[in-house]
4 protein chains.
Amino acid sequence: MSIPRPAELADFPVIITLPVQWGDQDAFGHVNNVVYFRWYESARIAYFEQSGIAALLEQQQLGPILARIACDYHRQLNFPDTIEVGSRVTRVGSKSMTIEHAIYSQAQQAIVAKSDSVVVIFHYGDNVSHAVPQDVRAQLERFEKKSL
Amino acid sequence: MSIPRPAELADFPVIITLPVQWGDQDAFGHVNNVVYFRWYESARIAYFEQSGIAALLEQQQLGPILARIACDYHRQLNFPDTIEVGSRVTRVGSKSMTIEHAIYSQAQQAIVAKSDSVVVIFHYGDNVSHAVPQDVRAQLERFEKKSL
Amino acid sequence: MSIPRPAELADFPVIITLPVQWGDQDAFGHVNNVVYFRWYESARIAYFEQSGIAALLEQQQLGPILARIACDYHRQLNFPDTIEVGSRVTRVGSKSMTIEHAIYSQAQQAIVAKSDSVVVIFHYGDNVSHAVPQDVRAQLERFEKKSL
Amino acid sequence: MSIPRPAELADFPVIITLPVQWGDQDAFGHVNNVVYFRWYESARIAYFEQSGIAALLEQQQLGPILARIACDYHRQLNFPDTIEVGSRVTRVGSKSMTIEHAIYSQAQQAIVAKSDSVVVIFHYGDNVSHAVPQDVRAQLERFEKKSL
């Protein structure tokens, strides 16, 4: 079965689909602001898996650490709904990369929130940040189909 | 009983103290990145209460809506620990205000994360954003002891 | 598209499907025990909607209140996985009903946890518990295809 | 500083104090039913630490696994409030123990919920359940001041 991706997420190579749960609502009757960050986390991990860089990093005893994340709330989300969270890498620095997300509401047929975040590459053996390996950078450019 | 405030939070007029719970940890054994946003929410609400602006807004059928929030993670947090979350308003715009937070770890005796956020004033009757009322602005300046 | 239901959930008239999220794991690297209760809540609400009793109750200013819930953990759950949560009503008392759930792991192809719970019917206007209305009882028996 | 324990928790040798956070509320404006289980988890871990059995178990490569937990909700909890969660062991079986909790609301000055749970002793090296060691049983009886 092939579900058509929303056009609003066309520029995001990785998209995950998640249900809004009743308990995601807070006392205002909307999805609570904190829940979005759980979804971004799930989206980020899906990106690392599907892009192939999780495996590349692991071989080199490296892993991603979230250094910063922001969310812009454009519309309130309600229960019930199903959301699609897009992920893309927009920049690769010397030791970090920028990941962007957008959340699309199937009920509202619109983007309801966006996020940008910075993930630092970390060497677990040496316990320090580490340069983005060349093969990771190359893989990201292949996956994103552009120079980063 | 008067607990001394950490010097690192001296510029934050509102500070709440929260325990790190075991379940705040994720599979990496550190406090999960999402948990910080629950704490920021609690700190934000404490600020609105203690500054007196929650009451001022409510009288005018106004309320705050979170438009954007970001977190910078400086250090990993571990269980067990007790954290103190400071809040301050650093800017009041025409329809919004900027709130900053810092999280201090008692175990590490250091700031472990910082946040900046934008809260928009919203009229619940009219369902639209609304100018920051003059009395709210004045109260914030009194509370922060500076021009905003 | 028709996904075959697992045989283990054949006796549950309502089944919801949910992804295990990375952040559902705790410091032991398994899905945390608390997360199951969020899933049971989602399953319970789906049951009330799909059985038609949410609408019947609402017409009479009645609603369900969770009085008790228990979970038996049979197997540890890991990320990634997709779970299916079945719900059924097994007893209707004078003012309450018993709801049972089972969680099926697609990865393990087995039931990983079970729950029983008691939901009390509550009159929101009068703020007291209330007899299960006859039409709700009849609807539940039709939906469950048995005498309750 | 010595805070007097509520008389309602006199029979619980371990008590933890936790704030109700705004975000603990759900769309009904009460503390969500799932949140109680996070608190029980924190209380359970405090019990294992303070009773000294966490250390005893760890020396023998053993650890506790939650096999079952139930919660009875007696009263709704509101924000703001501070709760105290008591923990006690009421039975030690051959391979498991029963732990009970009660949650006391400082605002309501009453018990708002109770829990009973079964924790199984597990050998992490052998990956199987394991008899409760004699020194753990003795330590629990000393700590609870009764035969178990």
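These are my notebook entries on a few places I looked up in this predicted model.

**Conventions.** I number residues from 1 along each chain as its sequence is written, and letter chains from A in the order in which they are written. Local features need pLDDT of at least 70, and side-chain atom pairs count only at pLDDT 80 or more, while side-chain values use heavy atoms, without hydrogens and water.

**Entry one: D:Ser96.** I found D:Ser96 in strand S4 (residues 96–105) of chain D; strands here are DSSP runs of E with at least two residues, helices runs of H or I with at least four, both numbered from the N terminus. Is D:Ser96 buried or exposed? D:Ser96 counts as buried, because its relative accessibility is 14% (buried is under 20%, exposed over 50%, partly exposed in between, with a 1.4 Å probe and protein chains only). Leaving out residues up to four places away in sequence, I saw that D:Ser96 touches D:Arg91, D:Val118, D:Val119, D:Val120 and D:Val132 (contact means heavy atoms within 4.5 Å).

**Entry two: two helices of chain C.** I next looked at helix H1 (residues 35–51) and helix H3 (residues 134–144) of chain C, which pack at an angle of about 100° with axes 10 Å apart. Axes are lines fitted to C-alpha atoms over the stretch in contact, and angles run from 0 to 180 degrees between N-to-C directions. H1(C) and H3(C) are therefore roughly perpendicular (65 to 115 degrees; under 35 is roughly parallel, over 145 roughly antiparallel, the rest oblique). H1(C) brings C:Tyr47, C:Gln50 and C:Ser51 to the contact, and H3(C) brings C:Gln139, C:Leu140, C:Phe143 and C:Glu144.
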